[in-house]
Amino acid sequence: MAVSKRIVLRFPRRLVDRPIVSRLVKDYNLDFNILKASVTPDEEGLMVMELSGKQDDYDNGIRYLAETGVKIQSLSQNVTRNEERCTYCGACITICPTGAFELDPVSRRVTFDNEKCLACELCIKACPPRAMELHF
Ligand code: SF4
Ligand code: SF4
């Protein structure tokens, strides 16, 4: 059976320049489509990709990633903002790799576009009043 899933991969600093993703093609017969790639302020690599192939190959590829030290996250998680807690401080704007936060020039408030969110969780740690919440 073939599968195709959108996942978020986080590479610790020691793995950022290793050819890990290319091995998914070479050794595990998987196809990938990178939707987003960036390096976070603490130099962790963040990659959002669609990974597809046969179920067994997919499972083995995911196991390989996990054993190598890559953290894997499904995009089925949902990140929301608790409007009562947000102070519109703006700390999340530069942290978010997809530009889900914007400063409204008129109201001076920070807007949050859930449609752009990839559930990478970076804003959750960065938000001083803990307004960003992760739901499963
Ligand atoms: S960091 Fe938190 S409190 Fe500040 S604007 Fe973003 S969501 Fe609101
Ligand atoms: S979890 Fe936060 S930082 Fe990550 S994409 Fe969503 S809004 Fe942006």
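Buried means under 20% relative accessible area, exposed over 50% and partly exposed in between, with a 1.4 Å probe and protein chains only. This is a predicted model, where local features need pLDDT of at least 70, side-chain atom pairs count only at pLDDT 80 or more, and totals for chains, interfaces and linings use all residues. Residues are numbered from 1 along each chain as its sequence is written, chains are lettered from A and ligands numbered from 1 in the order in which they are written, and side-chain values use heavy atoms, with hydrogens and water left out.

**Stop 1: the cores**

Select Leu9, Phe11, Leu51 and Leu65. They have the most contacts inside the largest nonpolar core, which has 18 residues. A nonpolar core is a set of buried Ala, Val, Leu, Ile, Met, Phe, Trp, Tyr and Cys residues joined through side-chain atoms within 4.5 Å. Now colour β1 (2-11), α1 (20-26), β3 (45-54) and α2 (55-68): these elements each give two or more residues to this core. Helices (H or I, at least four residues) and strands (E, at least two) are DSSP runs, numbered from the N terminus.

Next, select Cys86, Val110, Phe112 and Cys123. They belong to a second, separate core of 14 residues. In soluble globular proteins, nonpolar side chains tend to be buried together.

**Stop 2: around leucine 51**

Centre on leucine 51. Beyond its neighbours within four places in sequence, its contacts (heavy atoms within 4.5 Å) include Val3, Ile7, Leu24, Phe32, Tyr58 and Ile62.

**Stop 3: the aromatic pairs**

How many aromatic pairs does a search of the whole structure find? Two. Rings of Phe, Tyr and Trp (its six-membered ring) pair if their centres lie within 6.5 Å; planes under 30 degrees apart count as stacked, over 60 as edge-to-face and the rest as tilted.

Select tyrosine 28 and tyrosine 64. The pair is stacked, 5.3 Å centre to centre with 25° between the planes. Tyrosine 28 sits in the loop between α1 and β2 (31-39) and tyrosine 64 in helix α2, so the pair ties together parts 36 residues apart in sequence. Tyrosine 28 is buried, at 18% relative accessibility. Tyrosine 64 is buried as well, at 10%.

Move to phenylalanine 101 and phenylalanine 112. Their ring centres are 5.1 Å apart and their planes at 25°, so this pair is stacked. Phenylalanine 101 lies in strand β6 and phenylalanine 112 in strand β7, so parts eleven residues apart in sequence are tied together. Phenylalanine 101 is buried, at 3% relative accessibility. Phenylalanine 112 also counts as buried, at 19%.
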